[in-house]
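Subject: Structure handover

Hi,

Here is the structure I promised to pass on. My notes follow below it.

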Amino acid sequence: MRRILWRIWASCVILLVVLMVLFYFSIQSKTVVMPFVDQASQSIGFFRPLPGDSTAIDVSVEDSDSLQRWLTQNQIYTNSCKRYSIDCVEVNGFPFTVALSGEDGHQQILYPYLSPYSDDSMVTFHLQPERAAQALTIEMPYSAGWSQWQLSLLDVEESIAQGEAKVKILPPLRLYSSSRMDPNYQWLSWMFLWPLWLSLLVMWAAIMELVFWLRKRRMQ
């Protein structure tokens, strides 16, 4: 009986380790830096443990007076909204567009919407398909393992074309902003509680040993 229980416990430990490896790679993001000028192009390589159908991408550019002036005139985030959505942004134009190409040759033109999470030094935009209300992810399939995408900046406004842009492919699994998470990874969300599962396995092992020790002592 003792051997059977320990084998079950060891199988649970192995399963938890495998899931923790998948979880670790599922919460990794990828960031590249490229010139913030028209026609700039950059390849982005990233690793994913499981295949997926969608992703979320942010572009952050250096803040400047000219950029703030352009945003004031064309694209304003309304702070009255409790959560981010396209409906919370007044859009009269786009400071740039992005052409994203996948490994299968599929290309999408993406449009930047001002994010409420910009800081003092960088202004962040969420990339989304045009007029895709509430669609905070981009339909771009990828396979398990390494993937390589090509990203190009298009139609960058001359008045704000300066400095560098940081392009960030967000992880497919996130603790918050579940609307920007790949649905294929949602089943791994419970692994954010991995300290609890590890503690339960330790307690299980300790209780088993205590029970078998008490039983052996009683039999003596």
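How many aromatic pairs does a search of the whole structure find? The search gives 13. Please keep in mind that this is a predicted model.

Aromatic rings

Take the pair of Phe94 and Tyr111. Their ring centres lie 5.0 Å apart and their planes meet at 55°, so this pair is classed as tilted. Tyr111 counts as buried because its relative accessibility is 17%, and the cut-off for buried is under 20%.

There is also a ring cluster. Tyr24, Phe25, Phe47 and Trp146 are joined in it through ring pairs.

Overall picture

The protein has 3 helices and 12 strands. Of its 220 residues, 42% count as buried. The accessible surface is about 12,500 Å², and carbon and sulfur atoms account for 57% of that. Take the contacts between residues at least 6 apart in sequence: 74% of them join residues at least 24 apart.

Helix H3

Helix H3 covers residues 194-219. Two of its residues are worth a look.

Leu200 lies in this helix. It is one of the residues in a nonpolar surface patch, together with Leu193, Leu196, Met203, Ile207 and Val211. The patch has about 550 Å² of accessible area in total. Leu200 itself counts as partly exposed because its relative accessibility is 43%.

Glu209 is in helix H3 too. Its relative accessible area is 33%, so Glu209 is partly exposed. Which residues does Glu209 contact, leaving aside neighbours within four places in sequence? They are Arg2 and Trp6. Glu209 and Arg2 are 207 residues apart in sequence, yet their C-alpha atoms are 9.1 Å apart in space.

A buried arginine

Arg174 is in the loop between strand E12 (164-169) and H3. Arg174 is buried but has no salt bridge. Where is the nearest side chain of opposite charge? That side chain is Asp58, 6.0 Å away. A salt bridge needs a side-chain nitrogen within 4 Å of a carboxyl oxygen. Not counting residues up to four places away in sequence, Arg174 touches Arg180, Met181 and Phe192.

Backbone angles

Most residues other than glycine have a negative phi.

- Gln39 is in the loop between strand E1 (30-35) and strand E2 (41-48). With 56% relative accessibility, Gln39 counts as exposed.
- Asp155 is in the loop between strand E11 (145-154) and E12. Its relative accessible area is 54%, so Asp155 is exposed.

Over to you.

Best wishes

Definitions and conventions. Residues numbered from 1 in each chain as written. Predicted model: local features only at pLDDT ≥ 70, side-chain atom pairs only at ≥ 80, totals over all residues. Heavy atoms only, no water. Patch = residues over 30% accessible without salt bridge, like charges linked within 9 Å, V, L, I, M, F, W, Y side chains within 5 Å. Areas by Shrake-Rupley, 256 points an atom, 1.4 Å probe, with all protein chains shown as cover. Helix = DSSP H or I, 4+ residues; strand = E, 2+ residues; numbered from the N terminus. Buried < 20%, exposed > 50% of the residue type's maximum accessible area, 1.4 Å probe, protein only. Phe/Tyr/Trp six-rings, centres within 6.5 Å; stacked < 30°, edge-to-face > 60°. Lys, Arg positive; Asp, Glu negative; His and termini not counted. Contact = heavy atoms within 4.5 Å.
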